[in-house]
Amino acid sequence: MSYPTDNSRVHGFLHADGKILVNGSGEEVLLRGWGAGNWNNPEGFMIGAKTDFKMAADPNAVITASGMDRGRSLMQVIRNTCGSRYAHDFWIRWMNAYMTEEDIALMEKLGYNSVRLPISARCFLEEEPGYIWVEEAFSMLARVLDWCKAHHIYGILDLHGAVAGQSCLPCDDGLDNQPRLFMEEESYERTLRLMEEFARRFGDHEGLGGYNIVNEPLSNFMGSANDKYIPKLRQFYRDCVRRCRVYDKNHAFFIEGNHFTNRVTIFDEDYDPEYHNWVLTIHCYSRRPEYAGISAALACANRLNVPVWMAETGGNDRWMSAQYEMLLEYHIGYNVWSWKHAEGAGACSVVNHPLPEGWEKINDYVSKGTARPSYKESQEIFDRYLECLKFENCRVDTQNSTAILRKKGALVPAVGFDLAPEGAYKGFDPYGNEAGYRQGCGLEMVFAPGYTTLETVAGHPKPDTDWENLQLVLHEGEYASYTCRSLEAGLAVSLRYRTSESCTLSLYSGSTLLKTITLSPSEALTDSEAVALPAAQFQTIRVSVESGSVILSDLCIL
């Protein structure tokens, strides 16, 4: 099976072909991209709001939107501080400033082929009786999809906030923490009508990659409190696909399970029986990068003969470097959250915007109850905020992207070796490791000096960070491989290692021997000599030990 290695092959309608996604020419497309969080569906922490997320101890308690925890409550703050007339036009100004062609062009330049576009229903369908479409919002979305097409990017329309809310979380821009999409017939029907309208308007648009029908349905933190609505969720998917297919027979549907998109039990039927063009969709932020974390989704996808996509994910650089290549080996694309947010938000990103002068006055008014700035001053503060959002006023930082794509400057964790391809690794260790990571692979792993794991006792499992402190031990006759898909010409690779003895190992690109090198004994981590790589974008680098033993921390792309 061929793997796409550049954006020139990203064209034509994206559709499911068995368990892989293909483009208009039938070539496999592995979706690698970013979520445009905040663009149409802001969250408090990503806009620089000092608003704590509230969670009730009682799963039946109702907590309404407040502070600036979501777009809905942010708009109420703007009405209170700037006035209703100012607020009326603010949202379109926000969306137009937040996502520009420069953003889409940078995604293409960095090597991505997709963007997940979070949509809040209230921005496209006015919250009034009847069906009043917000034409400025549809026009704005059309421009973004035009940019996507021009820059070889698939724009995945993600209904992040259904009418009145579906997730029980602030990220759904709902009225409160109740799954009203599934509780109220009016909200259910209005959401379906909105999805039909998207299909009617964009069914022939080649910049559209598909419809991520609804984000993280029924995802409250209180376990199974809303599992009673799962039958309604199933019916919603059936109704949505059936009704949208009247207008759009071209695009794929990306369908999520409940409880933070981690449960896959609803995937026991074909949700697009006429066209069979849909994708089983999962999210992940913390699971260790090993097969066990995706096995349930893969099993369902195998039974239904559909692809899998990880629509939302993020973590530290080491985790992302290991996790995302593992996903690609199993033909699972990924979408990192989130492309742009306020400086200091703490999430993965490429573009960061500053906060405006005077923003602390708005924050203090909302979070501490201090004096409200005057209408004039508040409008000036929010006008400055809109200026901060513009691409030319943002800071671009590609560090996260470097790790994600394993490009020049990346440190690939040695324990993040390839898993899926035949012959990706070889080891003779029968014991496994104390962290329980990638058990059964036959490769020995030890903790870095000075790291001590927590004991596994009832109620206190080993932390997910254990694996990040593991180092790979390779003995004579053993090897491990690392796939890099986005390399530039003129690069090299070195190994960060420690060893108590002289060790000889060979580095290969595919089946081609690059060089055999000897590592001198070193108790501290040391970088080996650099070995030049061929001028090829897609390479699998194999580290094979010829004699002795070595402990590897990282593969360094230079």
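Close-up 1. Tyr-437 is buried, with a relative accessible area of 0%; buried denotes under 20% relative accessible area, exposed over 50%, and partly exposed the range in between, for a 1.4 Å probe and protein chains only. Trp-467 likewise counts as buried, at 1% relative accessibility. The model is predicted: local features require pLDDT of at least 70 and side-chain atom pairs pLDDT 80 or more, whereas totals for chains, interfaces and linings use all residues. Residues are numbered from 1 along each chain as its sequence is written, and side-chain values use heavy atoms, with hydrogens and water left out. Tyr-437 and Trp-467 form a stacked aromatic pair, 5.5 Å centre to centre with 25° between the planes. Rings of Phe, Tyr and Trp (its six-membered ring) pair if their centres lie within 6.5 Å; planes under 30 degrees apart are stacked, those over 60 edge-to-face, and the rest tilted. Tyr-437 lies in the loop between β15 (425-426) and β16 (444-447) and Trp-467 in the loop between β16 and β17 (470-475), so the pair ties together parts that are 30 residues apart in sequence. Helices (H or I, at least four residues) and strands (E, at least two) are DSSP runs numbered from the N terminus.

Close-up 2. By the ring-centre rule, the count comes to 29 aromatic pairs. Trp-359 is buried, with a relative accessible area of 3%, and Tyr-385 is buried at 1%.

**Close-up 3. An aromatic cluster, and charges over rings.** Tyr-86, Phe-90, Trp-91, Trp-94, Tyr-98, Trp-359, Phe-382 and Tyr-385 form one aromatic cluster. The charged end of Arg-122 sits over the ring of Trp-91, 5.0 Å from its centre. A charge sits over a ring if NZ of Lys or CZ of Arg is within 6 Å of the ring centre and within 35 degrees of the ring normal. Arg-542 places its charged end over the ring of Tyr-479, 5.1 Å from the ring centre.

**Close-up 4. The open sheet β11-β12-β13.** In this order, 3 strands form an open sheet with mixed pairing; two strands pair if DSSP finds at least two bridges between them. The edge strands, β11 (340-342) and β13 (395-396), each pair on one side only. β11 and β12 (residues 351-353) run parallel and are joined by 3 bridges. His-341 stands opposite Asn-352 in β12.
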